[in-house]
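Please read the short report below alongside the structure.

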Amino acid sequence: MPLVLIRRSSYRYEALKPLVFTMLDRLGGGRISSRSRVLIKPNLLAPATPQQALLTHPSVVRAVVEYAVEHGARPLIADSPAMGSFSKIIRESGIQEAIAPFDVECRPFQESMKIDIGEPFGFIDIAREAIESDVIINLPKLKTHSQMLLTLGVKNLFGCIVGYRKPEWHMKTGVNRPLFARFLVQLYQRISPAFTILDGILALEGEGPGKRGNPKEVGLLLGSDSALALDRAVCRILELDTDQVPVLKAAAGLGLLEEAFDIDGLLEPFRSFRLPKTSPSLLYGPQSLQRLIRLYCLPRPVAEADLCRYCGACWTICPAKAIDGTTRPLEFDYDRCIRCCCCIEVCPHAALHTVDHFPARMIRKFMDRLR
Ligand code: SF4
Ligand code: SF4
């Protein structure tokens, strides 16, 4: 049965390191040996400082690296950032300095392999290291996510899709959030990390997962041998139903929530965590009706002209090519926009957010009342 460890913690390294070590020991980290190829997969979304709470904290990364090195392994830290150069992310995040004493490779994923993750997706491109490593240590950050409500252990593995293939998957799944959630769950099943340690010490609440969110002191470190069980434990802490979190709803649909899990630690509710505005998934009826729903019932991205620096990050990543970068202010083609929120996620100046039409506000109120 999967085990979830819940501990109170700060980033003070003298306290954090023994906590991470005992967590990994308890979860079976002893199987890491000098022959193990260990992949450490933090959340390295974009350049940001530890205080901005966008990325896995350098002390958490360092403690895990130190554990792997002490077991004789030569770990690799890798991710496929949504925005910015990998070297800038490693520098600004403090990870470069934190891991400097250790012999550890740190680089972006480069090469992909075609791997079957099952119907309806079939063979997809996944980072070679995520498939060929003996042990994967998944290091998500506790953050809100405007499209998926939260980004936790399962969602963190989306970074194992290399570079431009990520927006491609947003485009393929389109406005169909349940389908995208199912994609994430099947990807997680295939990658199957041995350990997941979630940095929920300084989390991100509000309109995350990018710079629009707000850092929030939660003070929790969670560890598990199942990212899915860990995500379920976080939802209990935040007092969310599994139905509210698309990834967990998709996992339930695949019969993956039937398995119970053990909890070691205090599962106390954390009530003051601000969630993002997300809309219910509304994909009914013929295409023409779905188009109207998309246009008038789903929140749409807008840019705040006084904050925008026209850096191009949003229109470069937009999988639907729905942002016109030649206009001032930016213009969005909402007919093309698939509401994936990638633009909001990567905007380095927090200039993007979503707004609702009147029908969307009414629907949200109605759904909130049903809860
Ligand atoms: S909205 Fe943000 S990402 Fe887009 S051009 Fe402006 S500053 Fe850059
Ligand atoms: S405009 Fe933003 S939300 Fe719409 S498709 Fe492009 S990246 Fe996604």
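In this predicted model, ligand 2 is surrounded by 14 residues. The closest are Cys-318, Ala-320, Cys-337, Cys-340 and Cys-343. By residue class, the shell around ligand 2 holds 13 nonpolar residues, no polar ones and one charged residue.

A cis peptide bond links Glu-119 to Pro-120, with omega about 0°. Pro-120 sits in the loop that runs between strand 5 (112-116) and strand 6 (123-127). Gly-208 and Pro-209 are also joined by a cis peptide bond, and here omega is near 10°. The loop holding Pro-209 lies between strand 10 (195-206) and strand 11 (213-224).

Positive phi angles are found at Lys-321, which is not a glycine, and at Arg-339, which is not a glycine either. The table lists the values.

| Residue | Phi | Loop between |
|---|---|---|
| Lys-321 | about 50° | helix 11 (313-317) and strand 14 (323-324) |
| Arg-339 | about 60° | strand 15 (331-332) and helix 12 (342-346) |

Is Lys-321 buried or exposed? Lys-321 has 11 C-beta neighbours inside 10 Å, and a residue with 12 or fewer is exposed, so Lys-321 counts as exposed. Is Arg-339 buried or exposed? Arg-339 has 22 C-beta neighbours inside 10 Å, and the cut-off for a buried residue is 20 or more, so Arg-339 counts as buried.

How values were computed. Residues numbered from 1 in each chain as written. Chains lettered and ligands numbered in written order. Predicted model: local features only at pLDDT ≥ 70, side-chain atom pairs only at ≥ 80, totals over all residues. Near = placed C-beta within 6 Å. Nonpolar A, V, L, I, M, F, W, Y, C, P; charged D, E, K, R; others polar. Helix = DSSP H or I, 4+ residues; strand = E, 2+ residues; numbered from the N terminus.
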